[in-house]
Amino acid sequence: LEDDGSLLFSSFTQSDFLHIPTSYAEEFEKLASLFLKHNVIHECAWGTIVDMIRKKYNVTVRLTMLCTSWGPKRRGKKALIERCLRDHVDYGVFHPFKIGLKENGYQGYDWAFDSVQH
């Protein structure tokens, strides 16, 4: 839980990843296993699972904005972070930033990490 009593789940993100607070990981796993047992893919199940946890524990779900790009000019590159910083939006998730791209490398990751800290 966050200091204000809310539960933070990254929303408006690609559905191949999700932040799950450790205090809810076991519950999330149980619910996810139930959906998996019935062949419901995670992209369809996650919203329902988050809602079930929210109702069971009576917490508020706080959303965070995603900075991303699907276009090849910026996707995974420094230009993505630069564009999002110019937006003046309080992004909570920056995805993707590809360390493996030659133009980024580990030094680029240091720059990106430092740039998005509030």
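Visitor: What does Arg-75 count as, given its relative accessibility?

Guide: Residues are sorted by relative accessible area, found with a 1.4 Å probe on protein chains only: buried means under 20%, exposed over 50%, and partly exposed in between. Arg-75 has 26% relative accessibility, so it counts as partly exposed. This is a predicted model, in which local features need pLDDT of at least 70 and side-chain atom pairs count only at pLDDT 80 or more, while totals for chains, interfaces and linings use all residues. Residues are numbered from 1 along each chain as its sequence is written, and side-chain values use heavy atoms, with hydrogens and water left out.

Visitor: How many helices and strands does the chain have?

Guide: The chain has four helices and four strands. Read from the N terminus, the order of the elements is β-α-α-β-β-α-β-α. Of the 118 residues in the chain, 32% are buried. Contact means heavy atoms within 4.5 Å. Among contacts between residues at least 6 apart in sequence, 57% join residues at least 24 apart.

Visitor: How is a pair of packed helices described?

Guide: Two packed helices are described by the angle between their axes and the distance between the axes. Axes are lines fitted to C-alpha atoms, for helices over the stretch in contact, and the angles run from 0 to 180 degrees between N-to-C directions. For H3 and helix H4 (residues 105–116), the angle is about 15° and the axes are 10 Å apart. That makes H3 roughly parallel to H4; the rule is that angles under 35 degrees count as roughly parallel, over 145 as roughly antiparallel, 65 to 115 as roughly perpendicular and the rest as oblique.

Visitor: Is the crossing of H3 and H4 left-handed or right-handed?

Guide: A crossing is left-handed if the near helix is turned anticlockwise from the far one by less than a right angle, and right-handed if clockwise. H3 and H4 cross in the left-handed sense. On the H3 side, Lys-78, Ile-81, Glu-82 and Leu-85 meet Trp-111, Ala-112, Ser-115 and Val-116 of H4. By class, the contact of H3 with H4 holds five nonpolar, one polar and two charged residues. In this scheme Ala, Val, Leu, Ile, Met, Phe, Trp, Tyr, Cys and Pro count as nonpolar, Asp, Glu, Lys and Arg as charged, and the others, Gly among them, as polar.

Visitor: At what angle do the axes of H1 and H2 cross?

Guide: The crossing angle of H1 and H2 is roughly 135°, and their axes come within 10 Å. That makes H1 oblique to H2. H1 passes H2 in a right-handed crossing. The contact includes Glu-27, Phe-28 and Leu-31 of H1, and Ile-53, Lys-56 and Tyr-57 of H2. The classes in the contact of H1 with H2 are 11 nonpolar, one polar and two charged residues.

Visitor: Is Glu-27 buried or exposed?

Guide: With 13% relative accessibility, Glu-27 counts as buried. Leaving aside residues up to four places away in sequence, Glu-27 touches Ile-53, Lys-56 and Tyr-57. Leu-34, also found in helix H1 (residues 25–37), is partly exposed at 45% relative accessibility.

Visitor: Which residues does a cis peptide bond join?

Guide: His-95 and Pro-96 are joined by a cis peptide bond, with omega about -10°. Pro-96 belongs to the loop between strand S4 (91–94) and H4. The C-alpha atoms of Pro-96 and Arg-75 are 6.7 Å apart, with 21 residues separating the pair along the chain.

Technical notes. Helix = DSSP H or I, 4+ residues; strand = E, 2+ residues; numbered from the N terminus.
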